[in-house]
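Please look over the sequence and the structure below before reading on. The briefing that follows takes the domains, a helix pair and a metal site in turn.

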Amino acid sequence: MIYPWQTALWATLQRAREGDHLPHALLFQGEDGCGNEAFVEDLAQSLLCLNPTASGHACQQCRSCHVLASQAHPDFMPVMLHEDRQAILVEQIRELNHFLGLSRSYSPRRVVIISPAERMNINAANSLLKSLEEPAADTHILLLSAHPGSLLPTIRSRCQQMRLPVPDSDAALQWLQQQTLQHSPETLLLAARGKPLTAFDLDSSETLGHYGEWLRHISECAQGQGSITAKSAQWEKFDKTLLLDWQLDAVNSLLKQALIANSAGLPGELQALSGAINKQRLWEIHTKLLAMKALAAHPLNPRLLIEDMLMLWQARY
Ligand SMILES: [Zn+2]
């Protein structure tokens with residue numbers, strides 16, 4: 001699946017493939033929730049396909065495409081995290097190095113995906129270096145990472161680095177509007193912090209309910225309704241960083257609407273807030289939320305941090 005925001009990069013890579021100058025080691029970096037895994041998997045399938053379409057997509061009909069679909073392709077090797085592991089281990093990379101020494105079966109190229117690449121432990125990463133330095137013929141090693149800064153610099157420098165695009169809000173919204181969803185695309189996108197695939201997954205997850213509930217609580221505080229103590233008990237065990245990010249995004253949306261003096265485009269969850277808080281207060285809240293983020297991962301007193309968040313929104317009269 002190539003998403004609309006990825007088509008330009010796809011075309012660039014396909015031109016390189018046609019010109020036979022696609023680098024043998026590619027490091028794809030991009031944020032989670034934007035369809036990056038799908039992009040790299042499609043690229044692998046396209047490189048293995050015996051008869052790709054004019055735009056470079058795999059034909060889905062040749063022997064290679066069929067065997068890849070049944071997860072038994074002799075020229076393809078995915079290196080992923082094993083289910084119960086936190087790291088990609090050196091044994092996995094040794095197996096990969098052995099694979100790269102074999103002769104090809106029937107695809108025009110051999111393809112490897114390593115994802116998430118930053119999870120290779122130090123021994124695994126060192127073991128990969130040699131294969132990156134002395135590439136096997138007709139081989140492409142595709143590394144995918146949302147945190148490329150955590151990779152060994154020697155790995156990064158041996159790869160051609162490619163940035164996978166994050167769609168702008170219009171492109172993300174347009175794509176979401178074309179999907180079959182239970183909830184409003186605008187709300188989903190806000191709760192997913194602008195990441196369309198995360199938004200799509202949220203549509204069928206419990207997290208969206210939490211998002212709506214949290215916005216309702218801050219909106220009640222802004223209107224002087226209900227008790228902060230009762231509300232904060234409910235959020236004590238919840239991810240504080242996510243709560244802060246949701247508030248920061250809400251403030252950003254409200255400020256944007258205040259600038260154009262029109263709340264019509266705001267999702268329902270934010271409509272009540274837009275009338276209750278003026279622009280100056282929004283900036284104050286914004287500054288204080290940013291300060292709280294420094295404490296959010298390991299708060300000394302989780303309940304107190306939640307109470308502080310809710311008090312920020314409280315009516316001041
Ligand atoms: Zn094919």
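In the protein chain, the domain assignment, whose bounds come from an automatic or database assignment, gives domain 1 (4-163) and domain 2 (206-313). The centres of domain 1 and domain 2, taken over C-alpha atoms, are 41 Å apart. This is a predicted model, in which local features need pLDDT of at least 70 and side-chain atom pairs count only at pLDDT 80 or more, while totals for chains, interfaces and linings use all residues. Residues are numbered from 1 along each chain as its sequence is written, and side-chain values use heavy atoms, with hydrogens and water left out.

**Helix pair**

- Helix H12 (residues 240-259) packs with helix H15 (residues 302-313) at an angle of about 10°, and their axes are 11 Å apart.
- Because angles under 35 degrees count as roughly parallel, H12 is roughly parallel to H15.
- In H12, Lys240, Leu243, Leu244, Gln247 and Val251 meet Pro302, Leu305, Ile306, Met309 and Trp313 of H15, where contact means heavy atoms within 4.5 Å.

**Zinc site**

- The zinc ion has as protein donors Cys49 (SG), Cys59 (SG), Cys62 (SG) and Cys65 (SG), which lie 2.3 to 2.4 Å from it; donors are N, O and S atoms within 2.8 Å of the metal (3.2 Å for Na, K and Ca).
- The site of the zinc ion is tetrahedral, with angles of 102 to 120° among its four donor atoms, and four donors count as tetrahedral if all angles lie between 85 and 135 degrees.
- Along the chain, the donors of the zinc ion follow the spacing C-x9-C-x2-C-x2-C.
- Cys49 lies in the loop between helix H2 (36-48) and helix H3 (63-69), and Cys65 in helix H3, so the pair ties together parts that are 16 residues apart in sequence; helices (H or I, at least four residues) are DSSP runs, numbered from the N terminus.

Terms used: Axes are lines fitted to C-alpha atoms, for helices over the stretch in contact, and angles run from 0 to 180 degrees between N-to-C directions. Helices (H or I, at least four residues) and strands (E, at least two) are DSSP runs, numbered from the N terminus. Angles under 35 degrees count as roughly parallel, over 145 as roughly antiparallel, 65 to 115 as roughly perpendicular and the rest as oblique. Four donors count as tetrahedral if all angles lie between 85 and 135 degrees; four count as square planar and six as octahedral if opposite donors are over 155 degrees apart and all others between 65 and 115; anything else is irregular.
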